[in-house]
Amino acid sequence: MPSTRIQLKIEGRPVWAEVSASALTHNMRAIRDFVNPPSEKRKTPRKVLSIVKGNGYGHGGPQVARILEKAGSDWFGVTCTNEGIDVRRAGVRKPILVLTSFWPGEEANLLRHDLTPVVHRCEQLQALDHAATKRSSRKPLSFHLKIDTGMNRLGIAAADVECFARQLAKCKHLRLGGVMTHFASSEAFAPAPQGQQTLEQEQSFYAALDRLRQLGIDTGIVHMANSAAIAARPESWGDMVRPGVILYGYHPGYDPPDQRAEAERRLPLKPVMSLRARIISLRRVPSGAGVGYGAKFVAQRLSVIAVLAAGYGDGVHRSLGNGRGCVLVRGKLAPIVGIVSMDVTMIDVTDVPGIEIGNAVTIYGTDGEHVHAANSVARGIGTVTSDLLCAVAARVPRIYLA
């Protein structure tokens with residue numbers, strides 16, 4: 001049954017996002033099975049750390065974390081302490097890794113809610129150790145170390161592991177639970193330099209791990225693989241993988257582009273979210289008449305223009321305006337015309353038979369047998385899928401379907 005035929009009770013403005021728990025569960029389990037192939041006999045299966053930062057890529061961080069925990073996720077990744085607290089308060093019990101670490105003064109909250117920080121500067125160790133002394137537990141506080149291997153964003157330099165080891169030795173209340181790095185271009189397989197960057201990062205990371213171990217430090221859980229690396233770079237899987245956008249049903253873009261088709265074949269995914277709105281107005285516009293701000297669209301024929309109850313204030317990307325994007329309505333694609341407004345969007349439904357006020361429109365996602373994929377929408381305007389997904393505003397209700 002098409003999703004738009006389900007009688008959902010939407011109060012207020014008729015714009016909403018449907019989130020499929022079954023699709024999310026499918027993707028989680030597909031990823032877990034993919035990185036633990038039967039042919040590879042590991043003593044301990046690889047763990048999956050589900051990235052639920054950015055409000056779960058727009059799907060609702062605490063809500064999707066609960067679904068993913070039931071599906072078997074071992075860890076969760078958030079950006080900051082407050083995101084971690086929201087996930088924890090939703091009832092999630094599995095470990096939560098705070099990827100961009102903590103700001104001075106957050107240590108007590110971090111520990112109170114049993115969140116695992118990432119340390120990306122050596123001087124953070126002292127503050128964390130001091131906070132750990134105030135706990136009632138005598139068990140050392142676990143943290144993960146981030147090593148910068150070439151992205152030049154966050155993490156200690158690979159050459160600074162000796163300095164890190166000296167600082168850690170002074171911290172009697174801390175324990176290194178894992179070591180990580182982040183790839184800058186794991187989706188790039190074209191010739192150098194981008195095509196070589198991931199291999200160079202891997203080599204730098206493994207050299208840093210070897211040095212830590214030579215210094216007598218147990219590196220714990222080793223993890224580096226993001227979505228593209230999970231799908232296409234099995235040598236980077238380590239002890240744990242960190243799926244982001246692929247959890248939500250989409251492979252990232254690859255260079256060369258045909259790599260995406262291969263990734264989709266190896267690891268089939270299901271889109272999790274469908275963003276929908278209803279038609280709130282229909283208008284016959286004569287040839288030569290302008291539509292919307294600045295009359296950027298001028299009808300070339302007698303046209304039927306529908307107005308959707310959703311705009312860029314809801315998550316309809318403004319770049320989709322004036323023919324660059326389209327929406328799915330009654331099984332057909334209808335172009336977006338004019339400039340996308342904050343609260344409404346206009347579409348040309350002249351060629352859609354049987355159109356009526358109240359018809360549900362899929363801005364992206366699935367509608368029965370039809371799919372209007374968010375990644376293809378994103379490619380059409382030169383952005384990434386996550387940009388669209390994360391743009392769904394807080395005022396848009398999320399409806400969680402089985």
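**Cavities and pockets**

Mentor: The structure holds 1 cavity of 30 Å³ or more. This is a predicted model, in which local features need pLDDT of at least 70 and side-chain atom pairs count only at pLDDT 80 or more, while totals for chains, interfaces and linings use all residues. Residues are numbered from 1 along each chain as its sequence is written, and side-chain values use heavy atoms, with hydrogens and water left out.

Trainee: What is a cavity, and what is a pocket?

Mentor: Rolling a probe the size of a water molecule over the atoms shows where empty space is left. On a 1 Å grid over the protein atoms alone, a cavity is a set of points where a 1.4 Å probe fits but cannot get out; a pocket is an open set with protein on both sides within 12 Å along at least five of seven lines. Lining residues have an atom within 4 Å of a point.

Trainee: How much space lies in the largest cavity, and which residues line the largest cavity?

Mentor: The space is about 40 Å³, where a volume is the space filled by probe spheres set on grid points joined across faces, edges and corners. Its lining is Lys146, Ile147, Asp148, Met151, Arg153, Leu154, Thr181 and His182. By class, 3 are nonpolar, 2 polar and 3 charged. Ala, Val, Leu, Ile, Met, Phe, Trp, Tyr, Cys and Pro count as nonpolar, Asp, Glu, Lys and Arg as charged, and the others, Gly among them, as polar.

Trainee: What volume does the largest pocket have?

Mentor: About 850 Å³. It is lined by 33 residues, and Tyr57, His182, Asn226, Val245 and Ser386 are the closest to its centre. The lining divides into 12 nonpolar, 14 polar and 7 charged residues.

Trainee: Which residues lie nearest the centre of the second largest pocket?

Mentor: Asp114, Thr116, Lys139, Ser142 and Arg175, out of 19 lining residues. That pocket has a volume of about 350 Å³. Strand β6 gives the most to its lining, with 3 residues; strands (E, at least two residues) and helices (H or I, at least four) are DSSP runs, numbered from the N terminus.

Trainee: Which residues of helix α7 are buried?

Mentor: Buried means under 20% relative accessible area, exposed over 50%, partly exposed in between (1.4 Å probe, protein chains only). In α7 (residues 161-169), Val161, Phe164, Ala165 and Leu168 are buried. They lie on the same side of α7 because they cover an arc of only 100° around the axis, taken from the directions from the helix axis to the C-beta atoms.
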